[in-house]
Amino acid sequence: MNPLEPGLYIVATPIGNLADLAPRAAEILSRADVVAVEDSRVTAGLLRHIGVKRPMLPYHDHNAEGVRPGLIARMGSEAVALVSDAGTPLISDPGYKLVRDARAAGHAVVTIPGPCAAVAALTLAGLPTDRFLFLGFLPSKAKARGDAIAEVAGVRATLVLYESGPRLSACLAALAEGLGDREAAVTREITKKFEEAVTGTLSTLAARYADAPPRGEIVVVVAPPGEAPPAAIEDADAALAEALTRLPLAKAAGEVAKRFGLDRKALYARALAMKEG
């Protein structure tokens with residue numbers, strides 16, 4: 001078997017069902033000089049599944065800064081495969097820094113795409129997929145989690161995030177409080193025997209899991225916000241009257257138009273009428 005060209009190979013691995021490993025991914029793993037792994041025990045099982053043994057080097061959040069320079073140096077003459085325990089590397093793990101430094105050093109970077117839990121969950125949720133935002137794991141502390149949710153409350157996209165079973169109910173309740181009671185889906189154990197996707201409102205799902213935290217890998221998918229109701233003309237007039245107390249007529253009309261999503265020229269005419277009246 002011919003050796004691989006030196007460089008970095010980003011290899012997506014199954015998120016549950018080992019049969020999902022792509023033939024090209026299996027080939028790269030069998031030919032790599034070294035495999036950078038999140039957990040050698042997990043990757044060893046995958047390598048056994050395809051009947052190969054390769055040298056493994058742990059690369060994860062806790063050792064990445066120290067291990068990265070050595071991996072970059074090895075890429076000059078060796079093929080380094082990067083894997084995570086499950087799914088596509090760089091999604092909620094420190095792999096992007098390895099890619100960045102490999103490119104800076106002039107090494108080839110090749111991706112071998114495949115499973116990704118966030119994308120798989122989107123396909124199961126039955127929610128809009130034309131625009132989505134991946135949030136990774138939300139903070140565990142309530143204040144930080146609430147702040148993170150507030151940052152994305154107005155984003156007009158489906159939200160996708162990872163969560164653990166013991167924290168799931170509190171996370172769903174916080175999402176309901178910060179986003180409103182949107183439609184959502186809780187998917188877990190994707191591609192495994194007990195795969196499921198449970199749908200409902202955020203508050204309903206929070207109640208469902210309050211006393212029965214689920215097991216397994218969990219992805220939460222939350223629908224985008226609904227269309228904002230049209231601004232009442234009385235609200236716009238009140239805002240316009242207030243703006244006129246501190247701004248010239250044109251600037252007052254512009255400020256209120258932007259705030260309420262209304263026509264600037266129409267508001268200018270209303271502001272003029274208020275001044276004259």
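I shall speak about a sheet, a pair of helices and a few loop residues.

Please keep in mind throughout that this is a predicted model.

I begin with the sheet. It is open and has five strands, in the order S6-S7-S10-S8-S9, and the pairing is mixed. Which strands stand at the edges? They are S6, residues 132–137, and S9, residues 196–201. Each of these has a single partner strand, so one side of each is left without a neighbour in the sheet. From one strand to the next, the twist averages 20 degrees.

Within the sheet, S8, which covers residues 183–188, pairs with S9 in the antiparallel sense, over six bridges. As one point of reference, valine 186 has valine 198 of S9 as its bridge partner. Helix H5, residues 117–125, packs on the sheet, where it touches S6, S7, S8, S9 and S10. The direction of H5 makes about 55 degrees with that of S10.

I turn now to the loop between S8 and S9, where glutamate 189 is located. Is glutamate 189 buried or exposed? Its relative accessibility is 15%, and it therefore counts as buried, the cut-off being under 20%. Neighbours within four places in sequence aside, glutamate 189 is in contact with Phe194, Glu195, Arg215, Gly216 and Glu217.

Threonine 191 lies in the loop between S8 and S9 as well. At 25% relative accessibility, threonine 191 counts as partly exposed. Its phi is near 75 degrees, a positive value in a residue other than glycine. Leucine 90 is partly exposed, with a relative accessible area of 29%.

Finally, the helix pair. The axes of H7, residues 165–179, and H8, residues 202–210, come within 8 Å and cross at roughly 160 degrees. That angle makes H7 roughly antiparallel to H8, and the crossing is left-handed. On the H7 side, the contact is made by Leu168, Ser169, Leu172, Ala173, Leu175 and Ala176. On the H8 side, it is made by Leu202, Ser203, Leu205, Ala206, Tyr209 and Ala210. How many residues of each class does this contact have? It has ten nonpolar residues, two polar ones and no charged ones.

Thank you for your attention.

Notes. Residues are numbered from 1 along each chain as its sequence is written. This is a predicted model: local features need pLDDT of at least 70, side-chain atom pairs count only at pLDDT 80 or more; totals for chains, interfaces and linings use all residues. Side-chain values use heavy atoms; hydrogens and water are left out. Axes are lines fitted to C-alpha atoms, for helices over the stretch in contact, and angles run from 0 to 180 degrees between N-to-C directions. Helices (H or I, at least four residues) and strands (E, at least two) are DSSP runs, numbered from the N terminus. Angles under 35 degrees count as roughly parallel, over 145 as roughly antiparallel, 65 to 115 as roughly perpendicular and the rest as oblique. A crossing is left-handed if the near helix is turned anticlockwise from the far one by less than a right angle, and right-handed if clockwise. Contact means heavy atoms within 4.5 Å. Ala, Val, Leu, Ile, Met, Phe, Trp, Tyr, Cys and Pro count as nonpolar, Asp, Glu, Lys and Arg as charged, and the others, Gly among them, as polar. Two strands pair if DSSP finds at least two bridges between them. Buried means under 20% relative accessible area, exposed over 50%, partly exposed in between (1.4 Å probe, protein chains only).
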